[in-house]
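Dear colleague,

Please find the structure below.

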Amino acid sequence: EILVGELLKPYRDKLFITTKFGFGKDASVLDSSPKRIREVVEQSLKRLNLEQIPLLYQHRFDPKTPIEEVANCVKDLIKEGKVARFGVCELSAKSIEAAHKICPITAVQSEYHLMWRNPESEIFPTLERLKIGFVAYSPLNRGYLSGKLNRDSKFDKNNDNRATFPRFQPDAMEANYHIIELLREFGKGKNPNAKDSNATPAQVAIAYLLNKKPYIVPLFGTTSKAHLEENLGALAVKLSKADMKALDSKLDKITIIGDRYPAEQANRVGK
(Lines give C-alpha, C1' and ligand atoms only; values in the text may rest on other atoms or scores of the structure.)
Protein backbone atom coordinates (compact mmCIF):
# COMPACT_ATOMS: atom_id res chain seq x y z
CA GLU A 1 0.00 0.00 0.00
CA ILE A 2 2.89 2.38 0.66
CA LEU A 3 4.24 1.73 -2.83
CA VAL A 4 0.81 1.96 -4.45
CA GLY A 5 0.03 5.15 -2.56
CA GLU A 6 3.17 6.86 -3.83
CA LEU A 7 2.96 5.63 -7.41
CA LEU A 8 -0.71 6.38 -7.92
CA LYS A 9 -0.87 9.72 -6.12
CA PRO A 10 -0.91 11.75 -9.39
CA TYR A 11 -3.73 9.57 -10.81
CA ARG A 12 -6.03 9.20 -7.84
CA ASP A 13 -8.93 10.95 -9.56
CA LYS A 14 -8.77 8.49 -12.47
CA LEU A 15 -8.55 5.26 -10.48
CA PHE A 16 -10.84 3.13 -8.35
CA ILE A 17 -8.68 1.77 -5.53
CA THR A 18 -9.84 -1.13 -3.37
CA THR A 19 -8.25 -2.71 -0.33
CA LYS A 20 -9.08 -5.30 2.32
CA PHE A 21 -9.24 -6.11 6.00
CA GLY A 22 -9.53 -9.48 7.65
CA PHE A 23 -6.23 -10.42 9.24
CA GLY A 24 -4.57 -9.59 12.52
CA LYS A 25 -1.10 -8.14 12.89
CA ASP A 26 -0.01 -11.75 12.49
CA ALA A 27 -1.13 -12.54 8.94
CA SER A 28 -1.90 -16.14 9.86
CA VAL A 29 -4.69 -15.00 12.22
CA LEU A 30 -8.14 -14.04 10.94
CA ASP A 31 -9.43 -10.90 12.66
CA SER A 32 -12.44 -8.90 11.48
CA SER A 33 -13.28 -7.46 14.87
CA PRO A 34 -14.57 -3.85 14.67
CA LYS A 35 -11.43 -2.67 16.49
CA ARG A 36 -9.19 -4.32 13.94
CA ILE A 37 -11.27 -3.12 10.98
CA ARG A 38 -10.92 0.46 12.16
CA GLU A 39 -7.17 0.06 12.69
CA VAL A 40 -6.73 -1.30 9.17
CA VAL A 41 -8.87 1.43 7.60
CA GLU A 42 -6.92 4.22 9.30
CA GLN A 43 -3.61 2.66 8.23
CA SER A 44 -4.79 2.09 4.66
CA LEU A 45 -6.06 5.65 4.26
CA LYS A 46 -2.69 6.95 5.34
CA ARG A 47 -0.59 4.60 3.23
CA LEU A 48 -2.73 5.02 0.11
CA ASN A 49 -2.95 8.82 0.49
CA LEU A 50 -6.75 8.68 0.36
CA GLU A 51 -9.47 10.54 2.19
CA GLN A 52 -11.93 7.74 1.45
CA ILE A 53 -11.51 4.08 0.42
CA PRO A 54 -13.68 3.57 -2.70
CA LEU A 55 -14.32 -0.13 -1.98
CA LEU A 56 -13.40 -1.98 1.21
CA TYR A 57 -13.45 -5.78 1.20
CA GLN A 58 -13.47 -8.29 4.02
CA HIS A 59 -10.74 -10.67 2.90
CA ARG A 60 -12.01 -13.81 4.62
CA PHE A 61 -14.84 -14.76 6.98
CA ASP A 62 -13.77 -14.51 10.62
CA PRO A 63 -15.38 -17.30 12.70
CA LYS A 64 -14.87 -15.21 15.85
CA THR A 65 -16.81 -12.19 14.51
CA PRO A 66 -20.40 -12.54 13.22
CA ILE A 67 -20.84 -11.15 9.73
CA GLU A 68 -23.58 -8.86 11.06
CA GLU A 69 -21.02 -7.22 13.38
CA VAL A 70 -18.65 -6.74 10.45
CA ALA A 71 -21.40 -5.19 8.31
CA ASN A 72 -22.42 -2.80 11.10
CA CYS A 73 -18.83 -1.61 11.50
CA VAL A 74 -18.41 -0.94 7.78
CA LYS A 75 -21.81 0.78 7.73
CA ASP A 76 -20.54 3.16 10.41
CA LEU A 77 -17.33 3.79 8.46
CA ILE A 78 -19.42 4.67 5.40
CA LYS A 79 -21.46 7.13 7.49
CA GLU A 80 -18.20 8.67 8.69
CA GLY A 81 -17.03 9.11 5.09
CA LYS A 82 -13.93 6.91 5.44
CA VAL A 83 -15.31 4.17 3.19
CA ALA A 84 -17.56 4.49 0.13
CA ARG A 85 -18.60 0.90 -0.57
CA PHE A 86 -18.60 -2.53 1.08
CA GLY A 87 -17.31 -5.76 -0.45
CA VAL A 88 -16.81 -9.32 0.76
CA CYS A 89 -14.69 -12.24 -0.41
CA GLU A 90 -15.45 -15.95 -0.60
CA LEU A 91 -18.59 -15.82 1.56
CA SER A 92 -21.52 -18.21 1.35
CA ALA A 93 -24.81 -17.02 -0.15
CA LYS A 94 -26.35 -17.07 3.34
CA SER A 95 -23.64 -14.80 4.80
CA ILE A 96 -23.80 -12.46 1.80
CA GLU A 97 -27.51 -12.00 2.34
CA ALA A 98 -27.13 -11.45 6.10
CA ALA A 99 -24.46 -8.78 5.59
CA HIS A 100 -26.32 -7.08 2.73
CA LYS A 101 -29.40 -6.54 4.91
CA ILE A 102 -27.32 -4.37 7.24
CA CYS A 103 -24.89 -2.69 4.84
CA PRO A 104 -25.51 -2.96 1.08
CA ILE A 105 -22.74 -4.93 -0.63
CA THR A 106 -21.36 -3.55 -3.88
CA ALA A 107 -19.20 -6.52 -4.91
CA VAL A 108 -18.46 -10.09 -3.96
CA GLN A 109 -14.97 -11.31 -4.83
CA SER A 110 -14.48 -15.05 -5.23
CA GLU A 111 -12.44 -17.48 -7.28
CA TYR A 112 -14.17 -18.27 -10.55
CA HIS A 113 -12.84 -19.67 -13.80
CA LEU A 114 -13.35 -22.54 -16.23
CA MET A 115 -11.92 -25.02 -13.74
CA TRP A 116 -13.96 -23.73 -10.78
CA ARG A 117 -17.55 -22.85 -11.68
CA ASN A 118 -19.11 -23.55 -8.28
CA PRO A 119 -20.26 -19.92 -7.72
CA GLU A 120 -22.81 -20.40 -10.51
CA SER A 121 -25.12 -22.58 -8.41
CA GLU A 122 -25.75 -20.49 -5.26
CA ILE A 123 -23.75 -17.27 -5.42
CA PHE A 124 -24.87 -15.98 -8.83
CA PRO A 125 -28.64 -16.29 -8.14
CA THR A 126 -28.13 -14.43 -4.85
CA LEU A 127 -26.14 -11.66 -6.53
CA GLU A 128 -28.72 -11.26 -9.27
CA ARG A 129 -31.55 -11.02 -6.78
CA LEU A 130 -29.70 -8.47 -4.62
CA LYS A 131 -28.11 -6.62 -7.57
CA ILE A 132 -24.52 -7.16 -6.39
CA GLY A 133 -21.48 -7.26 -8.69
CA PHE A 134 -19.05 -10.16 -8.88
CA VAL A 135 -15.25 -9.83 -9.09
CA ALA A 136 -13.75 -13.09 -10.35
CA TYR A 137 -10.27 -13.47 -8.97
CA SER A 138 -7.80 -15.91 -10.50
CA PRO A 139 -9.73 -16.03 -13.80
CA LEU A 140 -6.90 -18.06 -15.32
CA ASN A 141 -6.64 -20.49 -12.39
CA ARG A 142 -3.38 -18.96 -11.24
CA GLY A 143 -1.91 -19.08 -14.72
CA TYR A 144 -2.82 -22.66 -15.57
CA LEU A 145 -5.47 -21.69 -18.13
CA SER A 146 -2.88 -19.71 -20.06
CA GLY A 147 -1.55 -23.04 -21.33
CA LYS A 148 1.97 -22.03 -20.38
CA LEU A 149 2.29 -24.46 -17.45
CA ASN A 150 2.75 -28.24 -17.46
CA ARG A 151 3.73 -31.10 -15.12
CA ASP A 152 7.39 -29.95 -15.27
CA SER A 153 6.61 -26.41 -14.08
CA LYS A 154 8.29 -25.62 -10.75
CA PHE A 155 6.98 -23.35 -8.00
CA ASP A 156 9.10 -21.79 -5.26
CA LYS A 157 7.85 -23.23 -1.96
CA ASN A 158 8.84 -20.02 -0.15
CA ASN A 159 7.24 -17.51 -2.53
CA ASP A 160 4.58 -19.30 -4.58
CA ASN A 161 1.61 -20.85 -2.81
CA ARG A 162 0.84 -22.99 -5.86
CA ALA A 163 3.57 -25.31 -4.63
CA THR A 164 1.19 -26.52 -1.91
CA PHE A 165 -2.06 -26.55 -3.93
CA PRO A 166 -3.34 -30.03 -4.88
CA ARG A 167 -4.28 -28.84 -8.37
CA PHE A 168 -0.71 -27.77 -9.10
CA GLN A 169 0.98 -31.05 -8.30
CA PRO A 170 2.60 -32.71 -11.36
CA ASP A 171 0.06 -35.53 -11.79
CA ALA A 172 -2.91 -33.13 -11.56
CA MET A 173 -1.25 -30.64 -13.91
CA GLU A 174 -0.86 -33.37 -16.50
CA ALA A 175 -4.32 -34.89 -15.98
CA ASN A 176 -6.06 -31.52 -16.40
CA TYR A 177 -4.23 -30.51 -19.57
CA HIS A 178 -7.09 -31.63 -21.81
CA ILE A 179 -8.90 -28.41 -20.84
CA ILE A 180 -6.04 -26.44 -22.45
CA GLU A 181 -6.39 -28.53 -25.60
CA LEU A 182 -10.13 -27.78 -25.60
CA LEU A 183 -9.50 -24.02 -25.29
CA ARG A 184 -6.90 -24.05 -28.08
CA GLU A 185 -9.33 -25.81 -30.40
CA PHE A 186 -12.24 -23.61 -29.35
CA GLY A 187 -10.20 -20.44 -29.87
CA LYS A 188 -9.58 -21.03 -33.57
CA GLY A 189 -10.86 -18.06 -35.55
CA LYS A 190 -12.19 -16.31 -32.43
CA ASN A 191 -9.79 -13.32 -32.29
CA PRO A 192 -10.00 -11.02 -35.33
CA ASN A 193 -7.15 -8.89 -33.96
CA ALA A 194 -4.64 -11.75 -33.82
CA LYS A 195 -2.31 -12.41 -36.76
CA ASP A 196 -3.62 -15.94 -37.12
CA SER A 197 -7.16 -14.95 -35.99
CA ASN A 198 -6.93 -17.50 -33.19
CA ALA A 199 -7.65 -16.67 -29.54
CA THR A 200 -5.22 -18.06 -26.98
CA PRO A 201 -6.46 -20.28 -24.13
CA ALA A 202 -6.10 -17.31 -21.75
CA GLN A 203 -8.17 -15.08 -24.03
CA VAL A 204 -10.94 -17.66 -24.34
CA ALA A 205 -10.99 -18.17 -20.56
CA ILE A 206 -11.30 -14.43 -19.86
CA ALA A 207 -13.79 -13.86 -22.69
CA TYR A 208 -15.96 -16.61 -21.22
CA LEU A 209 -16.24 -14.68 -17.95
CA LEU A 210 -16.94 -11.41 -19.75
CA ASN A 211 -19.79 -13.05 -21.67
CA LYS A 212 -21.16 -15.21 -18.87
CA LYS A 213 -22.87 -12.45 -16.87
CA PRO A 214 -22.97 -8.66 -17.30
CA TYR A 215 -21.99 -8.11 -13.65
CA ILE A 216 -18.75 -10.15 -13.73
CA VAL A 217 -15.38 -8.35 -13.65
CA PRO A 218 -12.39 -10.67 -14.21
CA LEU A 219 -9.52 -9.73 -11.92
CA PHE A 220 -6.24 -10.99 -13.31
CA GLY A 221 -2.75 -10.17 -12.12
CA THR A 222 0.56 -10.37 -13.89
CA THR A 223 4.16 -9.21 -13.67
CA SER A 224 4.60 -9.51 -17.44
CA LYS A 225 3.74 -6.83 -19.99
CA ALA A 226 3.33 -9.51 -22.67
CA HIS A 227 0.83 -11.42 -20.52
CA LEU A 228 -1.04 -8.19 -19.74
CA GLU A 229 -1.38 -7.44 -23.46
CA GLU A 230 -2.48 -11.01 -24.16
CA ASN A 231 -5.11 -10.87 -21.43
CA LEU A 232 -6.46 -7.53 -22.66
CA GLY A 233 -6.75 -9.15 -26.08
CA ALA A 234 -9.71 -11.08 -24.67
CA LEU A 235 -11.79 -7.93 -25.25
CA ALA A 236 -11.63 -8.66 -28.99
CA VAL A 237 -12.93 -12.20 -28.56
CA LYS A 238 -16.66 -12.32 -29.20
CA LEU A 239 -18.51 -15.41 -28.00
CA SER A 240 -22.10 -15.91 -29.13
CA LYS A 241 -24.79 -17.54 -27.02
CA ALA A 242 -24.25 -20.68 -29.10
CA ASP A 243 -20.51 -20.52 -28.39
CA MET A 244 -21.12 -20.20 -24.66
CA LYS A 245 -23.60 -23.07 -24.68
CA ALA A 246 -21.19 -25.28 -26.62
CA LEU A 247 -18.29 -24.46 -24.31
CA ASP A 248 -20.39 -25.06 -21.20
CA SER A 249 -21.48 -28.41 -22.60
CA LYS A 250 -17.89 -29.50 -23.21
CA LEU A 251 -16.73 -28.24 -19.81
CA ASP A 252 -19.51 -30.18 -18.08
CA LYS A 253 -17.99 -33.40 -19.40
CA ILE A 254 -14.54 -32.66 -17.99
CA THR A 255 -13.59 -33.83 -14.50
CA ILE A 256 -11.03 -31.55 -12.86
CA ILE A 257 -8.37 -33.37 -10.84
CA GLY A 258 -7.17 -31.87 -7.53
CA ASP A 259 -8.81 -29.53 -5.02
CA ARG A 260 -8.26 -25.80 -5.41
CA TYR A 261 -6.92 -25.36 -1.85
CA PRO A 262 -5.23 -27.47 0.83
CA ALA A 263 -7.69 -28.43 3.61
CA GLU A 264 -6.63 -25.62 5.97
CA GLN A 265 -7.24 -22.89 3.41
CA ALA A 266 -10.39 -24.55 2.10
CA ASN A 267 -11.88 -24.20 5.58
CA ARG A 268 -11.60 -20.40 5.29
CA VAL A 269 -13.93 -20.02 2.31
CA GLY A 270 -17.63 -20.39 1.67
CA LYS A 271 -18.66 -19.62 5.28
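Arg142 is buried, at 19% relative accessible area (buried means under 20% relative accessible area, with a 1.4 Å probe and protein chains only). This is a predicted model, in which local features need pLDDT of at least 70, side-chain atom pairs count only at pLDDT 80 or more, and totals for chains, interfaces and linings use all residues. Residues are numbered from 1 along each chain as its sequence is written, and side-chain values use heavy atoms, without hydrogens and water.

Arg142 sits in the loop between β5 and α6 (helices are DSSP runs of H or I with at least four residues, strands of E with at least two, numbered from the N terminus). Its phi is positive, about 55°, although Arg142 is not a glycine. Asn141 is in the loop between β5 (133-137) and α6 (170-175), has a positive phi near 50°, and is buried at 2% relative accessibility. Most residues other than glycine have a negative phi.

Arg142 is also among the residues nearest the centre of the largest pocket, which has 31 lining residues. A pocket is an open set of points on a 1 Å grid over the protein atoms alone, where a 1.4 Å probe fits, with protein on both sides within 12 Å along at least five of seven lines; lining residues have an atom within 4 Å of a point. Helix α9 (residues 225-232) gives the largest share of that lining, three residues.

Yours sincerely

Key
Buried means under 20% relative accessible area, exposed over 50%, partly exposed in between (1.4 Å probe, protein chains only).
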